Amino acid sequence: TNNALAEIVDGMINDIQEVTSFSTAVSKYPEVFSPVYISLIKAAEESGILDKEFLRLADTMEKQQKLKGTIKGALTYPIIVVMMMGLIATIMMIFVMPQVSNLYKSLNVDLPLPTQIVIGFSNFVINFWFVPLTSIFLLVYFFRRWNKTLAGKLIVDSAILKIPVFGNLIRKTILAEFSRILGI
C-alpha cells in the first residue's frame with residue numbers, strides 16, 4: 001500500500017534482474033538504507049552468508065525500534081510538561097498580566113524593575129503578537145537549515161550530549177547501537 005516503498009522494491013528488482021548485486025541495488029537508496037546496513041549487506045554478500053545476515057539485521061532493527069519506542073515513551077512526558085508550561089506562560093502574558101497591570105496602575109504604586117519588565121513584555125506580546133510569532137518561525141526555519149550542515153550538526157549533537165540526564169541516555173543508546181552493529 002506504500003507507493004514509495006513499492007517504487008523502491010520495483011527498482012531493486014529491476015536492478016537485480018539486470019545482474020546487479022543486491023548490495024548495489026540497495027545502495028541506490030541511501031535515504032532508505034543506512035550506509036552501515038549497505039556495508040553489512042555487501043560484506044555478507046561477498047562472504048556468502050546473506051541469509052544469516054538478513055536474520056541478524058532484522059533482529060537488530062527490531063531491537064532498535066523497541067529501544068527507540070522506549071526512549072520516545074520516556075521523553076513524551078517531559079516534552080508535554082514543557083509545552084504546557086509554554087502555553088501557561090503565554091496565557092498569563094496575554095490574559096493575566098494586563099489585569100495585574102491595571103490593578104497596579106489603580107493603586108499608583110512604584111513597581112520594582114522586574115515587574116515593570118514583565119508587564120512591558122506582556123504589553124509587547126499583546127500589541128505586537130506577530131513579531132514574536134514570526135521570530136519563532138524564522139528561528140526554527142534557520143535552525144533546521146543550519147542543523148543540516150556538518151558544523152551545525154556537530155555543535156548541536158555535542159550540546160545534546162551535554163544535557164544532564166538526556167545526554168547520558170543518548171550516549172548509552174548510541175553505544176548500544178554501535179555494539180549491536182559491531183556484533184553483526
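Asn-108 sits in the loop between H4 and helix H5 (113-127). In this predicted model, the phi angle of Asn-108 is near 55 degrees, which is a positive value in a residue other than glycine. Asn-108 counts as exposed because its relative accessibility is 69%, and the cut-off for that class is over 50%.

The protein chain has 8 helices and 0 strands, and the order of elements from the N terminus on is α-α-α-α-α-α-α-α. Along the principal axes, the C-alpha atoms of the protein chain fill a box of roughly 85 × 35 × 30 Å. The radius of gyration of the protein chain is 26 Å, whereas a compact globule of 184 residues would have one near 16 Å. Of the 184 residues, 17% count as buried. The protein chain exposes about 14,100 Å², and 69% of that area is supplied by carbon and sulfur atoms. Among contacts in the protein chain with a separation of 6 or more, 40% are accounted for by residues 24 or more positions apart.

H8 covers residues 164-183, which makes 20 residues. From its first C-alpha to its last, H8 reaches 29 Å, close to the 28 Å expected at 1.5 Å a residue. Which residues of H8 are buried? They are Gly-167, Thr-173 and Ile-181. These residues lie on the same side of H8, because they cover an arc of only 125 degrees around the axis. An α-helix has 3.6 residues a turn, so residues three or four places apart point the same way. The face of H8 turned away from the buried side carries the exposed residues Pro-164, Val-165, Lys-172, Leu-175, Leu-182 and Gly-183. As for partners, the buried residues of H8 pack against helix H3 (35-47), helix H4 (50-107) and helix H7 (150-161).

Gln-64 lies in helix H4 and counts as buried because its relative accessibility is 10%; the limit for burial is under 20%. Leaving out residues up to four places away in sequence, Gln-64 touches Tyr-37, Glu-177, Arg-180 and Ile-181. Ile-181 is one of the buried residues of H8. Glu-53 also lies in helix H4. With a relative accessibility of 4%, Glu-53 counts as buried. The contacts of Glu-53, again without residues up to four places away in sequence, are Leu-40, Ala-44 and Ile-184.

Helix H3 supplies a further reference point in Ser-47. Is Ser-47 buried or partly exposed? Ser-47 is partly exposed, because its relative accessible area is 47%. Ser-47 and Asp-157 are 110 residues apart along the chain, and their C-alpha atoms are separated by 36 Å.

The structure holds 6 aromatic pairs. The ring centres of Trp-129 and Phe-130 are 5.9 Å apart and the ring planes stand at 85 degrees, so this pair is edge-to-face; the class requires planes over 60 degrees apart. Tyr-141 and Phe-142 also form an edge-to-face aromatic pair, with 5.2 Å centre to centre and 70 degrees between the planes. Ring pairs also link Phe-124, Phe-128, Trp-129 and Phe-130 into a cluster.

The accessibility of these paired residues can be read alongside the geometry. Trp-129 counts as exposed, because its relative accessibility is 53%. Phe-130 has a relative accessibility of 41% and therefore counts as partly exposed. In the other pair, Tyr-141 is partly exposed, with a relative accessible area of 45%, and Phe-142 counts as partly exposed at 48% relative accessibility.

Note on methods. Residues are numbered from 1 along each chain as its sequence is written. This is a predicted model: local features need pLDDT of at least 70, side-chain atom pairs count only at pLDDT 80 or more; totals for chains, interfaces and linings use all residues. Side-chain values use heavy atoms; hydrogens and water are left out. Helices (H or I, at least four residues) and strands (E, at least two) are DSSP runs, numbered from the N terminus. The expected span of a helix is 1.5 Å times one less than its number of residues. Buried means under 20% relative accessible area, exposed over 50%, partly exposed in between (1.4 Å probe, protein chains only). The arc is that of the directions from the helix axis to the C-beta atoms. Contact means heavy atoms within 4.5 Å. Rings of Phe, Tyr and Trp (its six-membered ring) pair if their centres lie within 6.5 Å; planes under 30 degrees apart count as stacked, over 60 as edge-to-face and the rest as tilted. The radius of gyration is taken over C-alpha atoms; the globule rule is 2.2 Å times the number of residues to the power 0.38. Accessible areas come from the Shrake-Rupley method with a 1.4 Å probe; for residues, only the protein chains shown count as cover.
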